[in-house]
Amino acid sequence: MKLLFCLFNYFPYGGLQRDFLRIAEICRDHGDSIYIFTMKWLGDIPQGFNVSLIGAYGFTNHRKCFNFSEKVSKILKQEHFDAVVGFNKMKNLDVYYAADPCFKARVIEKKPYTHHFYPRIHTYIALEKSVFDPASRTDILLITSQERDKFIKYYNTPTERFHTLPPGIDRARFSNINAGAERQAIRKEFGIADNEYLLLMVGSSFQTKGVDRSILALSGLPERLKKRTRLFIIGKGKSRPFEKMARRLNVIERVHFLGERDAVARFMYAADLLLHPAYSENTGTVLLESLLSGLPVLATDICGFAFHIRNARAGWLVPSPFDQKVFNHMLEQM
C-alpha cells in the first residue's frame, strides 16, 4: 500500500513523534510504501521513508498549521494514496491517531466566553471539526477512551468511528541496561550524593506538563528535605520563564534543565521519583516508562494513563481539581 503520514513537525523526543515513527516503521517493515508530509523534520530520516517538507507560511503557529492542512488538501487532489494517516488534526484524513485531547472541550470548559473571539482558538477548533464532524469519514484511533465522550459531546461524532488501542511502549529503550550501574554512573556524573533525592520530569511543552507546579512543590519542601533534593527536567521547551521562577523562589541551584536526551531510561534508573503534574495529558507515555523502569510516580489524575499507576500501585495521583498545597504535601510524604 502507498501510505501518507502527516504531522506538523517531527523531532525525535516527543511522545507523539515517537508513536508516529514506530507505526510508520512497522508499516514499512510490512512492505508498505511510506510517504511523509511535514513542515519540519529534525533528526535522521529512517531508511525507506519519503519525506516531503511542505512549506506553510504564516506569522503564527496556528496559521502555519491551517495553511499546511490546506496545502496537503490540494496535493491530495493531484496525487493518490491508499490511506492518509494524520497525527495532528487536519482535513482529508482517512485515519487520525488521537494523541491530543479535545481542544474545544478544554477551551469551552475553561474559558466559555472567549472561544469565538480569538483567531488561534477558532483555527484549531476548525481543524478539529474537520476530523470529528459527523460529515467526516475519518476513523479515529484512541490511545485512551477518556476523551471519546468529550469528542462526541462537542461534535456528535458517531461512536463507530472510534477505535481504542491498547497502551504501547518501546521496550527496546529499556533493554540491555544495567540499572544499578546506570544509577551510580548518572548520579556520579551530576554530583548527586547517596543521601540526596533526585526528582525527574520528562516531556516537551513545559507549561502543559506542569514544570511550574513541580518548582513550587520543591520550594515548599521543609528545609531539611529541600537541601537534599534536586529536580531534573528533560525535554524540549522554553526554560527561561521557569528558571526565573526558580531563582525567585531561591531554588535555582536545585533545578536543572537538561534539554533533549536519547537515554531517558538511564535517568529513570538514577532518579527516586517521577513528577508529572500535568495540566492536560491525553495519555502520558512517560508514566508507562516509569512503570517499566520501576520508578515511583507522582502525577495528576487527569492523565490518560494515570489508571495504570493506580492499578499497579506504582505511585500516587493528585486528585482533581488540582490544589498546589495538596501536591506539595504529597511530594513531601513520598
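This is a predicted model: local features need pLDDT of at least 70, side-chain atom pairs count only at pLDDT 80 or more; totals for chains, interfaces and linings use all residues.
Which helix gives the largest share of the lining of the second largest pocket?

Start with the open sheet. Seven strands make it up, in the order β5-β3-β1-β6-β7-β8-β9, and the pairing is parallel. The edges are taken by β5, residues 49-53, and β9, residues 162-164; each has a single partner strand, so one side of each is left without a neighbour in the sheet. From one strand to the next, the twist averages 20°.

At the β5 end, the partner is β3, residues 33-38; the two run parallel and are joined by five bridges. If you want a place to look, find Tyr-35, which stands opposite Asn-50 in β5.

Next, a stretch further along the chain. Strand β14 covers residues 297-300 and strand β15 covers residues 315-318, and they pair in the parallel sense over four bridges. Thr-300 has Val-318 in β15 as its bridge partner. Together with helix α13, residues 306-312, these two strands form a right-handed β-α-β unit.

Now the pocket. The second largest pocket has a volume of about 400 Å³. Its lining counts 22 residues, and those nearest the centre are Lys-110, Lys-150, Tyr-279, Ser-280 and Ile-302. By type, the lining has ten nonpolar, four polar and eight charged residues.

That brings me back to the opening question. The helix is α3, residues 103-110, which supplies four residues, the largest share of that lining.

Note on methods: Residues are numbered from 1 along each chain as its sequence is written. Side-chain values use heavy atoms; hydrogens and water are left out. Two strands pair if DSSP finds at least two bridges between them. Axes are lines fitted to C-alpha atoms, for helices over the stretch in contact, and angles run from 0 to 180 degrees between N-to-C directions. A crossover is right-handed if, with the strands pointing away from the viewer, the path from the first strand over the helix to the second runs clockwise. On a 1 Å grid over the protein atoms alone, a cavity is a set of points where a 1.4 Å probe fits but cannot get out, and a pocket is an open set with protein on both sides within 12 Å along at least five of seven lines; lining residues have an atom within 4 Å of a point. Grid points are joined across faces, edges and corners, and a volume is the space filled by probe spheres set on the points. Ala, Val, Leu, Ile, Met, Phe, Trp, Tyr, Cys and Pro count as nonpolar, Asp, Glu, Lys and Arg as charged, and the others, Gly among them, as polar.
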